[in-house]
There are 2 protein chains.
Amino acid sequence: MTQFGRTVRELRERLRQEDARFSLRQVAKRVGIEPAYLSKIERGDVAPPSEATTLRLAEELDADPDWFLALAGKVSSDLQEIIRRRPELFAELIRQLREAPDDAILRVVREVRDGDW
Amino acid sequence: MTQFGRTVRELRERLRQEDARFSLRQVAKRVGIEPAYLSKIERGDVAPPSEATTLRLAEELDADPDWFLALAGKVSSDLQEIIRRRPELFAELIRQLREAPDDAILRVVREVRDGDW
DNA sequence: ACGAGTGTGTAGTATATACGACACATGACA
DNA sequence: TGTCATGTGTCGTATATACTACACACTCGT
């Protein structure tokens, strides 16, 4: 599972082509971790970092937080909390949607957004 | 957060009134953990156990697995995997439903179940 | 009185998580 | 030819997770 690492590296290198401030060291500094650690993360030498660090990285690299957490093998703790408040309800809903096509889920999202409960 | 422990104890004591096989020791044995450990769990002396152990406990005590995991502060790993496959879609859906009343979510569940995508 | 079963207190442990510190080699630039 | 910045290799560590092992005190039936 070095998918996360490869993605971080690709995003960073891409940004770097137009902005030299996206060197590994400088990104690490802004994110608040050691360069050596970021290096290992990018090469999949260590497991993906904590949720907090992953989120700071996502912001730095302008990536979607939930997507980034997913690449890191995690699910946002705020989503988990929502589920934990009504576990049976959400469990059933999510399992129902396991095989549903993207646009079916999107329809549900829109419907809920416009819904008048 | 001894909510999990208290619930385990209550469920077990209740079952015990009609079946002496639900002593702490015997339940621990069937679940595959040490009695001392289960004792600490029930009194909130330690954090709730792992997902696997929590699920075996839920089955033993005839409790809903997702509800039990929630009490233990967790979200089923299979739900997490479903979310991780399409993180942005599910994140939006779940956040939309954060404040929705139960019956609104139930309507969505039914609708999806009967849906023809 | 004693053996079986009960719950619990104390101590210890293996593994995972999430990093930091420091040194090193390389390449570009003045 | 220094020096500056780059990425990386090695080693160590604090904290959390998820338990086990063993001994103890109590109670209940025989």
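This is a predicted model: local features need pLDDT of at least 70, side-chain atom pairs count only at pLDDT 80 or more; totals for chains, interfaces and linings use all residues.
I started with DNA strand D and found 22 residues surrounding it. Sorting the surface near DNA strand D by class, I got nine charged, seven nonpolar and six polar residues.

**Entry: which helices take part**
Next I asked myself which helices supply at least two residues each of the surface near DNA strand D. From chain A they are α1 (3-16), α2 (24-31) and α3 (35-42), and chain B joins in with its own α3 (35-42). I also checked which one gives the most: that is α3(A), with four residues.

Then I looked up some phosphate oxygens of DNA strand D. S23(A) has a polar side-chain atom 2.8 Å from one. For Q26(A), I found a polar side-chain atom 2.9 Å from a phosphate oxygen, and for S39(A) I wrote down 2.9 Å as well.

**Entry: D66(A)**
I finished with D66(A), which lies in helix α5 (residues 65-71) of chain A. Is D66(A) buried or exposed? I put it down as buried, because its relative accessibility is 11% and the cut-off is under 20%. Leaving out residues up to four places away in sequence, I listed what D66(A) touches: S76(A) and L79(A) in chain A, and P87(B), A91(B) and R95(B) in chain B.

Methods
Residues are numbered from 1 along each chain as its sequence is written. Chains are lettered from A and ligands numbered from 1 in the order in which they are written. Side-chain values use heavy atoms; hydrogens and water are left out. A residue is near a molecule or strand if one of its heavy atoms lies within 4 Å of it. A polar contact is a pair of N or O atoms within 3.5 Å; within protein, one must be able to donate a hydrogen and the other to accept it, and residues adjacent in sequence count only if both atoms are side-chain atoms. Ala, Val, Leu, Ile, Met, Phe, Trp, Tyr, Cys and Pro count as nonpolar, Asp, Glu, Lys and Arg as charged, and the others, Gly among them, as polar. Buried means under 20% relative accessible area, exposed over 50%, partly exposed in between (1.4 Å probe, protein chains only). Contact means heavy atoms within 4.5 Å.
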